[in-house]
Amino acid sequence: GEIPARIHAHRYDDILTATRIANEFGFRFVIEHGTEGYKIADYLKEKGIPVVVGPLMTFRTKRELRDMTMESVKILNEKGVLTALMCDHPVIPLEYASIQAASALRYGAKEEDLIKMLTINPAKILGISDRVGSIEEGKDADLVIWSGHPFDAKSKVESLYIEGKKII
């Protein structure tokens with residue numbers, strides 16, 4: 001019970017099963033992928049179950065992705081579910097996280113919410129938001145300066161600061 005379980009589930013019925021098992025055995029968990037989480041967003045919100053969505057892609061490589069929608073990020077967020085984005089590295093390399101966010105932006109998610117889904121929301125899900133995830137005095141600060149908007153595929157990292165030291 002010290003660390004939330006990370007449960008890989010695409011379909012809503014598998015998410016409901018995970019919830020039943022977690023309740024039965026008394027542990028906290030996070031849903032990874034949550035492809036059909038949008039179908040039960042109100043339930044996820046009510047139960048306080050976070051969802052790490054992704055990877056966002058427009059093709060369905062397996063049966064569990066049949067009902068995938070690119071609007072799932074928007075729906076989950078608008079319903080108040082604590083949501084973060086994933087690439088499922090190395091399936092889609094981590095370097096494409098901003099492109100995943102851009103895809104969600106294209107399908108109606110809000111820019112500010114997507115930035116949170118790449119910063120503070122994952123920190124909250126991991127239980128480390130007191131140390132990382134936002135720029136505040138006293139927090140560990142890693143900062144990236146981009147050549148343009150971070151969701152623009154043409155943008156490149158111009159500077160990178162880790163713990164206050166310029167790396168690039």
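Modeller: The largest cavity holds about 40 Å³ of space. A cavity is a set of points on a 1 Å grid over the protein atoms alone where a 1.4 Å probe fits but cannot get out. The volume is the space filled by probe spheres set on the points, which are joined across faces, edges and corners.

Colleague: What kind of model is this?
Modeller: This is a predicted model: local features need pLDDT of at least 70, side-chain atom pairs count only at pLDDT 80 or more, and totals for chains, interfaces and linings use all residues. Residues are numbered from 1 along each chain as its sequence is written, and side-chain values use heavy atoms, with hydrogens and water left out.

Colleague: Which residues line the largest cavity?
Modeller: Val73, Lys74, Asn77, Glu78, Gly108, Ala109, Lys110, Asp113 and Met117 do, each with an atom within 4 Å of a point.

Colleague: Which element gives the largest share of that lining?
Modeller: Helix 3, with 4 residues. Helices here are DSSP runs of H or I, at least four residues, and strands are runs of E, at least two, numbered from the N terminus.

Colleague: What does valine 73 contact, away from its sequence neighbours?
Modeller: Beyond four places in sequence, valine 73 is in contact (heavy atoms within 4.5 Å) with Val53, Leu56, Leu85, Ala104, Ala109, Leu114 and Met117.

Colleague: New topic. How do strand 5 and strand 6 pair?
Modeller: Antiparallel, over 5 bridges. Strands pair if DSSP finds at least two bridges between them.

Colleague: What stands opposite tryptophan 146?
Modeller: Valine 157, in strand 6.

Colleague: And how many bridges join strand 6 to strand 7?
Modeller: There are 2, and those strands run antiparallel. Isoleucine 162 has lysine 165 in strand 7 as its bridge partner.

Note on methods
On a 1 Å grid over the protein atoms alone, a cavity is a set of points where a 1.4 Å probe fits but cannot get out, and a pocket is an open set with protein on both sides within 12 Å along at least five of seven lines; lining residues have an atom within 4 Å of a point.
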